[in-house]
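Thanks for coming. I'll go through one structure today, starting with a metal site and then moving on to the aromatic side chains.

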Amino acid sequence: MENEKWLLGIDIGGTSVKLAFLTEEGDILHKWEIPTNTENNGSNIIQDIGEAVHKKLSELDVSHDMLKAAGVGAPGPIDQEKGVMFEAVNLGWPDNFPLRDLMQEAVGVPVAIENDANSAALGEMWKGAGEGAKDLIAITLGTGVGGGVIVNGDIVHGAKGAAGEVGHITAVPHGGYMCNCGKAGCLETVASATGIVRTAKELLADYEGDSQLKALLDSNGDITAKDIFDAAQAGDQLALSTVDSLADHLGLALANIGSLFNPERIVIGGGVSKAGDFLVGKIEQYFKKYAFKPVGESTEIVLAQLGNDAGIAGAAWLAANKN
Ligand SMILES: [Zn+2]
(Lines give C-alpha, C1' and ligand atoms only; values in the text may rest on other atoms or scores of the structure.)
Protein backbone atom coordinates (compact mmCIF):
# COMPACT_ATOMS: atom_id res chain seq x y z
CA MET A 1 0.00 0.00 0.00
CA GLU A 2 1.34 3.39 -1.02
CA ASN A 3 0.39 5.38 2.05
CA GLU A 4 1.22 2.58 4.44
CA LYS A 5 3.79 3.59 7.04
CA TRP A 6 5.76 1.55 9.54
CA LEU A 7 5.41 1.23 13.30
CA LEU A 8 8.49 0.84 15.49
CA GLY A 9 8.18 -1.66 18.34
CA ILE A 10 10.78 -1.59 21.14
CA ASP A 11 10.92 -4.15 23.97
CA ILE A 12 13.58 -3.26 26.53
CA GLY A 13 14.77 -6.17 28.68
CA GLY A 14 17.54 -6.48 31.27
CA THR A 15 19.94 -8.22 28.84
CA SER A 16 18.71 -7.30 25.36
CA VAL A 17 16.51 -4.80 23.55
CA LYS A 18 14.22 -6.30 20.90
CA LEU A 19 13.35 -4.01 18.02
CA ALA A 20 11.06 -4.35 15.02
CA PHE A 21 9.50 -2.45 12.17
CA LEU A 22 5.89 -3.54 11.71
CA THR A 23 3.05 -2.73 9.36
CA GLU A 24 0.16 -0.65 10.69
CA GLU A 25 -1.70 -3.96 11.03
CA GLY A 26 1.00 -5.24 13.40
CA ASP A 27 2.77 -7.68 11.10
CA ILE A 28 6.53 -7.85 11.70
CA LEU A 29 8.62 -6.76 8.68
CA HIS A 30 12.12 -6.56 10.19
CA LYS A 31 13.17 -7.73 13.62
CA TRP A 32 16.52 -7.49 15.39
CA GLU A 33 18.14 -7.22 18.83
CA ILE A 34 20.87 -5.21 20.52
CA PRO A 35 22.43 -5.80 23.95
CA THR A 36 21.16 -3.71 26.88
CA ASN A 37 24.08 -1.72 28.27
CA THR A 38 23.23 -1.33 31.96
CA GLU A 39 26.63 0.22 32.79
CA ASN A 40 26.70 3.82 34.08
CA ASN A 41 23.09 3.54 35.33
CA GLY A 42 21.89 2.54 31.88
CA SER A 43 22.74 5.99 30.52
CA ASN A 44 23.59 4.68 27.02
CA ILE A 45 20.49 2.53 26.49
CA ILE A 46 18.32 5.16 24.79
CA GLN A 47 21.10 6.48 22.58
CA ASP A 48 21.98 2.88 21.57
CA ILE A 49 18.36 2.31 20.54
CA GLY A 50 18.23 5.53 18.52
CA GLU A 51 21.44 4.64 16.70
CA ALA A 52 20.27 1.07 16.03
CA VAL A 53 17.04 2.35 14.47
CA HIS A 54 18.76 4.87 12.21
CA LYS A 55 21.40 2.33 11.21
CA LYS A 56 18.77 -0.28 10.31
CA LEU A 57 16.83 2.24 8.22
CA SER A 58 19.92 3.11 6.20
CA GLU A 59 20.83 -0.58 5.80
CA LEU A 60 17.35 -1.14 4.37
CA ASP A 61 17.68 2.06 2.30
CA VAL A 62 14.40 3.31 3.77
CA SER A 63 13.74 6.98 4.60
CA HIS A 64 13.02 8.01 8.21
CA ASP A 65 9.72 9.45 6.92
CA MET A 66 8.52 5.88 6.59
CA LEU A 67 8.23 5.65 10.40
CA LYS A 68 4.86 6.70 11.80
CA ALA A 69 5.27 6.23 15.55
CA ALA A 70 6.94 4.05 18.18
CA GLY A 71 5.92 2.12 21.27
CA VAL A 72 8.18 1.00 24.11
CA GLY A 73 7.76 -1.77 26.69
CA ALA A 74 10.11 -1.44 29.67
CA PRO A 75 10.54 -3.38 32.94
CA GLY A 76 8.91 -1.36 35.72
CA PRO A 77 5.79 0.62 36.66
CA ILE A 78 5.03 3.60 34.41
CA ASP A 79 2.80 6.65 34.14
CA GLN A 80 1.63 6.48 30.54
CA GLU A 81 0.11 9.99 30.47
CA LYS A 82 3.24 11.68 31.80
CA GLY A 83 5.54 9.33 29.90
CA VAL A 84 7.54 8.56 33.03
CA MET A 85 8.90 5.33 34.53
CA PHE A 86 8.46 5.37 38.31
CA GLU A 87 11.35 2.93 38.74
CA ALA A 88 13.50 0.69 36.55
CA VAL A 89 15.77 -1.20 38.94
CA ASN A 90 16.92 -3.73 36.29
CA LEU A 91 18.12 -1.02 33.92
CA GLY A 92 19.74 1.26 36.48
CA TRP A 93 17.66 4.32 35.52
CA PRO A 94 16.86 6.84 38.26
CA ASP A 95 13.30 7.06 39.65
CA ASN A 96 10.72 9.08 37.67
CA PHE A 97 12.73 8.64 34.49
CA PRO A 98 11.29 10.64 31.52
CA LEU A 99 11.44 7.66 29.15
CA ARG A 100 8.92 8.88 26.59
CA ASP A 101 10.51 12.28 25.88
CA LEU A 102 14.07 10.92 25.76
CA MET A 103 13.05 8.09 23.44
CA GLN A 104 11.11 10.49 21.23
CA GLU A 105 14.27 12.55 20.80
CA ALA A 106 16.35 9.43 20.01
CA VAL A 107 14.06 7.87 17.41
CA GLY A 108 12.50 11.05 15.96
CA VAL A 109 8.83 9.98 16.03
CA PRO A 110 6.04 10.13 18.66
CA VAL A 111 6.49 7.49 21.39
CA ALA A 112 4.09 5.80 23.81
CA ILE A 113 5.39 3.77 26.78
CA GLU A 114 4.09 0.82 28.78
CA ASN A 115 5.27 -1.69 31.35
CA ASP A 116 6.80 -4.73 29.58
CA ALA A 117 4.34 -7.34 30.90
CA ASN A 118 1.43 -5.09 29.92
CA SER A 119 2.95 -4.59 26.50
CA ALA A 120 3.17 -8.37 26.04
CA ALA A 121 -0.50 -8.66 27.09
CA LEU A 122 -1.47 -6.07 24.45
CA GLY A 123 0.58 -7.96 21.87
CA GLU A 124 -1.32 -11.18 22.61
CA MET A 125 -4.62 -9.27 22.47
CA TRP A 126 -3.78 -7.76 19.07
CA LYS A 127 -1.92 -10.48 17.19
CA GLY A 128 -1.90 -13.60 19.37
CA ALA A 129 -4.14 -15.80 21.52
CA GLY A 130 -6.43 -12.92 22.44
CA GLU A 131 -7.19 -11.81 18.90
CA GLY A 132 -10.69 -10.35 18.92
CA ALA A 133 -11.03 -10.28 22.72
CA LYS A 134 -11.42 -6.93 24.52
CA ASP A 135 -11.40 -8.29 28.06
CA LEU A 136 -8.36 -10.34 28.69
CA ILE A 137 -5.94 -11.33 31.45
CA ALA A 138 -2.42 -12.33 30.44
CA ILE A 139 -0.09 -14.16 32.80
CA THR A 140 3.55 -15.00 32.10
CA LEU A 141 5.07 -17.95 33.96
CA GLY A 142 8.85 -17.66 33.68
CA THR A 143 11.63 -17.23 36.23
CA GLY A 144 9.11 -14.79 37.73
CA VAL A 145 5.37 -14.38 37.22
CA GLY A 146 4.16 -11.31 35.31
CA GLY A 147 0.75 -10.22 34.16
CA GLY A 148 -1.45 -7.69 32.50
CA VAL A 149 -5.16 -6.91 32.84
CA ILE A 150 -6.99 -5.59 29.77
CA VAL A 151 -10.50 -4.25 30.22
CA ASN A 152 -12.48 -2.97 27.25
CA GLY A 153 -9.42 -3.08 25.00
CA ASP A 154 -6.98 -1.19 27.21
CA ILE A 155 -4.57 -1.90 30.06
CA VAL A 156 -5.66 -1.24 33.65
CA HIS A 157 -2.85 0.81 35.28
CA GLY A 158 -4.15 1.77 38.72
CA ALA A 159 -2.98 4.61 40.94
CA LYS A 160 0.76 4.04 40.62
CA GLY A 161 1.09 1.83 37.54
CA ALA A 162 1.10 -1.32 39.67
CA ALA A 163 -2.23 -2.88 38.64
CA GLY A 164 -2.17 -6.33 37.03
CA GLU A 165 0.89 -7.52 38.96
CA VAL A 166 -0.59 -10.99 39.14
CA GLY A 167 2.68 -12.49 40.40
CA HIS A 168 2.45 -10.59 43.67
CA ILE A 169 -1.02 -11.69 44.63
CA THR A 170 -0.65 -13.47 47.97
CA ALA A 171 -1.03 -17.20 47.38
CA VAL A 172 0.41 -18.50 50.67
CA PRO A 173 -0.77 -16.19 53.47
CA HIS A 174 1.05 -18.02 56.28
CA GLY A 175 4.60 -19.39 56.17
CA GLY A 176 5.22 -18.58 52.50
CA TYR A 177 8.64 -17.96 50.96
CA MET A 178 10.08 -14.48 50.56
CA CYS A 179 9.51 -12.89 47.15
CA ASN A 180 11.85 -10.48 45.33
CA CYS A 181 9.28 -7.73 45.99
CA GLY A 182 9.96 -7.91 49.74
CA LYS A 183 6.69 -9.63 50.68
CA ALA A 184 6.23 -13.32 51.54
CA GLY A 185 3.96 -15.91 49.92
CA CYS A 186 3.47 -14.23 46.52
CA LEU A 187 2.05 -16.33 43.65
CA GLU A 188 5.48 -15.96 42.04
CA THR A 189 7.08 -17.98 44.87
CA VAL A 190 4.96 -21.03 44.00
CA ALA A 191 4.05 -20.63 40.30
CA SER A 192 7.32 -19.52 38.67
CA ALA A 193 9.83 -22.01 37.24
CA THR A 194 11.90 -21.50 40.41
CA GLY A 195 8.84 -22.02 42.61
CA ILE A 196 7.85 -25.29 40.94
CA VAL A 197 11.34 -26.72 41.33
CA ARG A 198 11.36 -25.77 45.01
CA THR A 199 7.96 -27.41 45.56
CA ALA A 200 9.17 -30.63 43.91
CA LYS A 201 12.31 -30.71 46.06
CA GLU A 202 10.26 -30.17 49.21
CA LEU A 203 7.90 -33.00 48.32
CA LEU A 204 10.89 -35.22 47.45
CA ALA A 205 12.47 -34.66 50.86
CA ASP A 206 9.69 -36.62 52.61
CA TYR A 207 8.89 -39.01 49.78
CA GLU A 208 9.27 -42.73 50.36
CA GLY A 209 8.26 -43.95 46.90
CA ASP A 210 10.15 -44.06 43.62
CA SER A 211 10.27 -40.98 41.44
CA GLN A 212 12.06 -40.15 38.18
CA LEU A 213 12.79 -36.78 39.74
CA LYS A 214 14.70 -38.37 42.62
CA ALA A 215 16.90 -40.18 40.10
CA LEU A 216 17.42 -36.99 38.05
CA LEU A 217 18.26 -34.98 41.13
CA ASP A 218 20.83 -37.61 42.17
CA SER A 219 22.47 -37.85 38.72
CA ASN A 220 22.31 -34.17 37.57
CA GLY A 221 22.49 -32.45 40.95
CA ASP A 222 19.37 -30.44 40.05
CA ILE A 223 16.00 -30.62 38.30
CA THR A 224 14.17 -28.16 36.05
CA ALA A 225 10.52 -27.21 35.58
CA LYS A 226 10.65 -29.09 32.27
CA ASP A 227 11.84 -32.28 34.04
CA ILE A 228 8.86 -32.00 36.37
CA PHE A 229 6.31 -31.62 33.56
CA ASP A 230 7.91 -34.42 31.52
CA ALA A 231 7.78 -36.75 34.52
CA ALA A 232 4.20 -35.74 35.36
CA GLN A 233 3.06 -36.47 31.82
CA ALA A 234 4.77 -39.87 32.06
CA GLY A 235 2.67 -40.59 35.17
CA ASP A 236 5.25 -39.97 37.90
CA GLN A 237 3.22 -39.54 41.11
CA LEU A 238 5.48 -37.04 42.83
CA ALA A 239 5.73 -34.91 39.69
CA LEU A 240 1.94 -35.04 39.36
CA SER A 241 1.56 -33.84 42.96
CA THR A 242 3.94 -30.95 42.19
CA VAL A 243 1.96 -29.92 39.10
CA ASP A 244 -1.29 -30.24 41.07
CA SER A 245 0.05 -27.92 43.74
CA LEU A 246 1.04 -25.38 41.07
CA ALA A 247 -2.33 -25.66 39.30
CA ASP A 248 -4.17 -25.32 42.61
CA HIS A 249 -2.40 -22.02 43.45
CA LEU A 250 -2.74 -20.67 39.90
CA GLY A 251 -6.34 -21.84 39.53
CA LEU A 252 -7.27 -20.09 42.78
CA ALA A 253 -5.56 -16.79 41.89
CA LEU A 254 -6.97 -16.79 38.34
CA ALA A 255 -10.45 -17.69 39.58
CA ASN A 256 -10.40 -14.70 41.94
CA ILE A 257 -9.14 -12.37 39.22
CA GLY A 258 -11.63 -13.96 36.82
CA SER A 259 -14.51 -13.45 39.22
CA LEU A 260 -13.61 -9.76 39.35
CA PHE A 261 -13.29 -9.16 35.59
CA ASN A 262 -14.98 -12.12 33.83
CA PRO A 263 -12.49 -11.82 30.94
CA GLU A 264 -13.18 -13.55 27.63
CA ARG A 265 -9.78 -15.21 27.83
CA ILE A 266 -6.96 -15.81 30.25
CA VAL A 267 -3.76 -16.19 28.23
CA ILE A 268 -0.94 -18.25 29.76
CA GLY A 269 2.57 -17.57 28.44
CA GLY A 270 6.23 -17.71 29.46
CA GLY A 271 8.74 -20.57 29.60
CA VAL A 272 6.64 -22.74 31.95
CA SER A 273 3.72 -22.60 29.48
CA LYS A 274 5.75 -24.82 27.14
CA ALA A 275 4.11 -27.61 29.15
CA GLY A 276 1.18 -26.78 26.86
CA ASP A 277 -2.30 -28.27 26.96
CA PHE A 278 -1.33 -30.56 29.85
CA LEU A 279 -0.73 -27.49 32.05
CA VAL A 280 -3.79 -25.63 30.76
CA GLY A 281 -5.98 -28.66 31.51
CA LYS A 282 -4.73 -28.81 35.11
CA ILE A 283 -5.17 -25.07 35.69
CA GLU A 284 -8.66 -25.20 34.15
CA GLN A 285 -9.66 -27.96 36.58
CA TYR A 286 -8.86 -25.79 39.62
CA PHE A 287 -10.05 -22.58 37.95
CA LYS A 288 -13.51 -24.07 37.50
CA LYS A 289 -13.47 -25.32 41.09
CA TYR A 290 -12.78 -21.87 42.57
CA ALA A 291 -14.42 -19.46 40.10
CA PHE A 292 -17.91 -17.96 40.37
CA LYS A 293 -19.90 -20.41 38.25
CA PRO A 294 -20.84 -18.11 35.32
CA VAL A 295 -17.17 -17.07 35.14
CA GLY A 296 -15.97 -20.67 35.14
CA GLU A 297 -18.34 -21.34 32.26
CA SER A 298 -17.55 -18.29 30.13
CA THR A 299 -13.87 -17.47 30.68
CA GLU A 300 -11.57 -19.50 28.49
CA ILE A 301 -8.00 -20.41 29.47
CA VAL A 302 -5.66 -20.53 26.46
CA LEU A 303 -1.94 -20.68 25.67
CA ALA A 304 -0.07 -17.59 24.48
CA GLN A 305 0.91 -17.69 20.80
CA LEU A 306 3.54 -15.03 20.20
CA GLY A 307 6.38 -16.16 22.49
CA ASN A 308 9.17 -13.56 22.59
CA ASP A 309 7.45 -11.41 19.94
CA ALA A 310 4.52 -10.48 22.22
CA GLY A 311 6.40 -7.47 23.63
CA ILE A 312 7.23 -5.87 20.28
CA ALA A 313 3.72 -6.57 18.94
CA GLY A 314 2.27 -4.82 22.00
CA ALA A 315 4.72 -1.95 21.61
CA ALA A 316 3.53 -1.53 18.01
CA TRP A 317 -0.09 -1.52 19.25
CA LEU A 318 0.89 1.34 21.58
CA ALA A 319 2.52 3.14 18.66
CA ALA A 320 -0.68 2.81 16.62
CA ASN A 321 -3.21 3.54 19.39
CA LYS A 322 -1.58 5.75 22.03
CA ASN A 323 0.04 8.48 19.97
ZN1 LIG B 1 6.06 -10.51 45.38
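Start with the zinc ion: its 4 donor atoms subtend angles of 105 to 119°, and that makes the arrangement tetrahedral. Keep in mind that this is a predicted model. The protein donors are ND1 of His 168 and the SG atoms of Cys 179, Cys 181 and Cys 186, lying 2.0 to 2.4 Å from the zinc ion. Along the chain, the donors follow the spacing H-x10-C-x1-C-x4-C.

Are the cysteines buried or exposed? I'll take two of them. Cys 179 has a relative accessible area of 8%, so it is buried. Cys 181, with 42%, is partly exposed.

Now the aromatic pairs, of which the count comes to 3. In one of them, Phe 21 and Trp 32, the ring centres are 5.2 Å apart and the planes are at 55°, so this pair is tilted. Phe 21 belongs to strand E2, residues 16-22, and Trp 32 to strand E3, residues 28-35, so the pair ties together parts that are 11 residues apart in sequence. Phe 21 is buried, at 0% relative accessibility, and Trp 32 is buried as well, at 12%.

Next come Trp 93 and Phe 97, with ring centres 4.3 Å apart and planes at 15°, so that pair is stacked. Both of these residues, Trp 93 and Phe 97, are buried. Back to Phe 21 and Trp 32: ring pairs link them with Trp 6 into a cluster.

Last, charges over rings. The charged end of Arg 198 sits over the ring of Tyr 177, 3.9 Å from its centre. Lys 127 lies over the face of Trp 126, at 5.9 Å from the ring centre.

Key. Residues numbered from 1 in each chain as written. Predicted model: local features only at pLDDT ≥ 70, side-chain atom pairs only at ≥ 80, totals over all residues. Heavy atoms only, no water. Donors = N, O, S within 2.8 Å, 3.2 Å for Na, K, Ca; no water. Tetrahedral: all angles 85-135°; square planar, octahedral: opposite > 155°, others 65-115°. Buried < 20%, exposed > 50% of the residue type's maximum accessible area, 1.4 Å probe, protein only. Phe/Tyr/Trp six-rings, centres within 6.5 Å; stacked < 30°, edge-to-face > 60°. Helix = DSSP H or I, 4+ residues; strand = E, 2+ residues; numbered from the N terminus. Lys NZ or Arg CZ within 6 Å of the ring centre and 35° of its normal.
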